[in-house]
Amino acid sequence: MKLLISLALLIYTILLFLVSWLTSRKANNDTFFIGNRKSPWFVVAYGMVGATLSGVTFMSVPGDVANTQFTYFGLVIGYAFGYLVVAFLLLPLYYKLNLISIYQFLGTRFGTAGQKTGSLLFIISRLTASALKMYLTIFVLQIFLFDSWGIPIWATASLMILTIFLYTFKGGVKTVIWTDLLQTTFFLVALGATIYIIFKDINLSFGEISTSLQASGHTKMFATDWKARNFFLKHILGGMFITMTMTGLDQDMMQKNLSCKNLKDAQRNMMSFTGILVIVKALFLLLGGLLLVYAQQKGIDLTGMKSDQIYPVIALNHLGIVAAACFVIGLVASGYSSADGTLTSLTTTFCFDILNMNKWTTSEKQRIVIRRAMHILMSLLFLGVILIFTNYHNDAMIRILLIVAGYTYGPLLGLFAFGIFTKREIKAGWLIPVLAVLVPVLVFFLSKYSVELFGGYKFGFELLIVNGGLVFLGLWIVSVLQGRDSQL
């Protein structure tokens, strides 16, 4: 079985390089950064589904049904509202300013300090979160496949990052958009095939499955305890703001939108993508329910098993070779589709926001050399973070890193909101990075002691809103005080 799965991975990798070769011919910097603004919107929409759903989502969303039932769907509803804001508020702004890096907007509003603060927040959060997601994909493959061959995990990680680096090296975002098309297809085929195999194996109707889930207490969709982390309004608001920040204020996701021919196409892309994503998320929840019914019917003991282990354990050990192969290919596809866009967007952000390459008077060839050097640097950084995870892998560290990555989007929300909805200036630019550091630290302690401070209240995803709101308030206070100083 392992040999067949390895063959499937090899064929999959060859297909990626074929797409890369087709899309990177005659590529230049415009190709790498914005796909020459010729990307078909429907291809971008379809491919973004795979880029949004990482390997973590692939494993954790189905497994989490065991703990939180179907309450995750409240977040999905929030996502849909958030994508509307991205499509009709943020995209028009980005296209109007003809941006390549979206943090150039912060430069126009707040100067160099604002632009570099925003880009560094993105680099830290994206590099950390994406490397962690890729590591978890590598970790599963290592246990299932490469350990038995005596291949160390550092070699597996290096090979996979080298693969991503090579197929994105020339074509950049143009290649990523088309490889995402391929990867999303593999991803969805894996999802659909697993659902079909389980349905066929358990031989129950949809109604019988619903009855079984209801009997075991796994059908709740909306939590009504307002103090709980998964209270449905928290989920909806949290999902909305997560989308607005982690998509609308994220260079990786927006770079693909900005590669469309025009604003109207980019908005079509976002609306189509939203509809597809809601359906796919619902299918993942359905898969989670099916896994629980399957485990119950086959006598598989899930006691003590972590939620994100349920899908891989059942797929790899109980559903047969087809399901195992589908799981592995789907996992790799979701991991690659997240990591390749990350490398491209990190390179873009570093070139335009840190190095200000767009202001150089050098030739196109010299800029290509610099861009390629930065792509190598970002790949090495990405690999370095993954290798750190391999040496210090524990659940506590993973939770901390995810929290840190999530908190860095709060200041981005506050900065963009202040820049878009006010015309106030920030003259002391050095205060922007200070606020971007101090506010997340304050919010962390508010969250840690929220039960004591707020009568049993537990923060959930709405913590992002609090983070952004406090940054907005801090910027407002600074601008007011500066205004008073200038009048003295």
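Asn-36, at 29% relative accessibility, counts as partly exposed, because that class covers the range between buried, under 20% relative accessible area, and exposed, over 50%, as found with a 1.4 Å probe on protein chains only. The place of Asn-36 is in the loop between helix H2 (29-34) and helix H3 (41-52), where helices (H or I, at least four residues) and strands (E, at least two) are DSSP runs numbered from the N terminus. The model is a predicted one, in which local features need pLDDT of at least 70 and side-chain atom pairs count only at pLDDT 80 or more, while totals for chains, interfaces and linings use all residues. Residues are numbered from 1 along each chain as its sequence is written, and side-chain values use heavy atoms, with hydrogens and water left out.

Most residues other than glycine have a negative phi. Arg-37 has a relative accessible area of 18% and is therefore buried.

**Aromatic and charge-ring contacts**

Across the whole structure, a search finds 21 aromatic pairs, a pair being two rings of Phe, Tyr or Trp (its six-membered ring) with centres within 6.5 Å, called stacked if the planes are under 30 degrees apart, edge-to-face if over 60 and tilted for the rest. One of these joins Tyr-103 and Phe-416, whose ring centres are 6.3 Å apart and whose planes stand at 70°, so the pair is edge-to-face. This pair links distant parts of the chain, with Tyr-103 in the loop between helix H5 (72-96) and helix H6 (104-110) and Phe-416 in helix H18 (residues 409-421), 313 residues apart. Tyr-103 is buried because its relative accessibility is 0%, and Phe-416, at 1%, counts as buried too.

A further edge-to-face pair is formed by Tyr-311 and Phe-327, at 4.9 Å centre to centre and with 80° between the planes. Here Tyr-311 belongs to helix H14 (residues 307-317) and Phe-327 to helix H15 (residues 321-354), 16 residues apart, and both Tyr-311 and Phe-327 are buried. Elsewhere, ring pairs link Tyr-12, Phe-17, Tyr-167, Phe-186 and Tyr-336 into a cluster.

Charged side chains also meet rings, as the table shows; a charge sits over a ring if NZ of Lys or CZ of Arg is within 6 Å of the ring centre and within 35 degrees of the ring normal.

| Charged residue | Ring | Distance from ring centre |
|---|---|---|
| Arg-25 | Trp-21 | 4.9 Å |
| Arg-424 | Trp-476 | 4.8 Å |

One cavity of 30 Å³ or more is found in a search of the whole structure, a cavity being a set of points, on a 1 Å grid over the protein atoms alone, where a 1.4 Å probe fits but cannot get out, with lining residues having an atom within 4 Å of a point. About 40 Å³ of space lies in the largest cavity, the volume being the space filled by probe spheres set on the points, which are joined across faces, edges and corners. The lining consists of Val-173, Val-176, Asp-252, Gln-255, Lys-256, Gly-341, Thr-344 and Ser-345, and helix H9 (173-202), helix H12 (251-257) and H15 each supply at least two of the lining residues. By class, this lining has two nonpolar, four polar and two charged residues, where Ala, Val, Leu, Ile, Met, Phe, Trp, Tyr, Cys and Pro count as nonpolar, Asp, Glu, Lys and Arg as charged, and the others, Gly among them, as polar.

Helix H15 also holds Thr-347, which counts as buried at 0% relative accessibility. The side chain of Thr-347 reaches the backbone oxygen of Leu-343 at 2.8 Å. Ala-323 is likewise placed in helix H15 and is buried, with a relative accessible area of 0%; its C-alpha lies 32 Å from that of Gly-172, 151 residues away in sequence.

**Leu-213**

Leu-213 lies in helix H10 (residues 206-215) and, at 7% relative accessibility, counts as buried. Leu-213 and Gln-69 are 144 residues apart in sequence, yet 9.3 Å apart in space, C-alpha to C-alpha.

How values were computed: On a 1 Å grid over the protein atoms alone, a cavity is a set of points where a 1.4 Å probe fits but cannot get out, and a pocket is an open set with protein on both sides within 12 Å along at least five of seven lines; lining residues have an atom within 4 Å of a point. A polar contact is a pair of N or O atoms within 3.5 Å; within protein, one must be able to donate a hydrogen and the other to accept it, and residues adjacent in sequence count only if both atoms are side-chain atoms.
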